[in-house]
Amino acid sequence: RDTAAYHRLFVELFDGDAEMRAADLFMCGEPVFFCQLLSHFGRPVVGYISTPLSVYVARADREAWYQSFYDMALDPRHYFAVTTPIFAEWTAYATGVALPVVRPACLYTEAS
């Protein structure tokens, strides 16, 4: 499906959901496109990105999606960070937005 079809389906399924409407904020990651879906509710979105922005976005929809992400990233309600410098570079190349890099710590593994 195209991104507009996903958005319509998301709204159809979740627009009336009381718990979604009551959320204080949303967190998203993969695929990054879900961040846009969650922004439908008008709440802050915190995104931790570890894949290219275009994953699961059809080629024909990418220009509009990159513009949408750009708009979200500049909205002060939202916060986005990436896991690696290469994802930061890809995001900057696609959208012009420089995101901070926050590397995963994986402390739960107790590895030395």
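Phe10, Phe14, Phe26 and Phe41 are linked into a cluster by ring pairs. Keep in mind as you look around that this is a predicted model.

Let's take two of them. The rings of Phe10 and Phe14 have planes at 45 degrees, so this pair is tilted. Both residues sit in helix α1 (residues 3–14), four residues apart, which is about one turn of the helix. Phe14, at 31% relative accessibility, counts as partly exposed.

Now for Phe33 and Trp65: their ring planes are at 75 degrees, so the pair is edge-to-face. This pair links distant parts of the chain, with Phe33 in helix α3 (residues 33–38) and Trp65 in helix α4 (residues 62–74), 32 residues apart. Phe33 and Trp65 are both buried.

Here are the two pairs in a table.

| Ring pair | Distance of centres | Angle of planes |
|---|---|---|
| Phe10 and Phe14 | 5.1 Å | 45 degrees |
| Phe33 and Trp65 | 5.5 Å | 75 degrees |

Next, the cysteines. The count comes to one disulfide, and Cys28 and Cys35 form it, with their sulfur atoms 1.9 Å apart. The link of Cys28 and Cys35 is right-handed, with 100 degrees about the S-S bond. Where do these cysteines stand, buried or exposed? Cys28 counts as buried at 11% relative accessibility, and Cys35 counts as buried too, at 0%.

Technical notes:
Residues are numbered from 1 along each chain as its sequence is written. This is a predicted model: local features need pLDDT of at least 70, side-chain atom pairs count only at pLDDT 80 or more; totals for chains, interfaces and linings use all residues. Side-chain values use heavy atoms; hydrogens and water are left out. A disulfide is a pair of cysteine sulfur atoms within 2.5 Å. Buried means under 20% relative accessible area, exposed over 50%, partly exposed in between (1.4 Å probe, protein chains only). Rings of Phe, Tyr and Trp (its six-membered ring) pair if their centres lie within 6.5 Å; planes under 30 degrees apart count as stacked, over 60 as edge-to-face and the rest as tilted. Helices (H or I, at least four residues) and strands (E, at least two) are DSSP runs, numbered from the N terminus.
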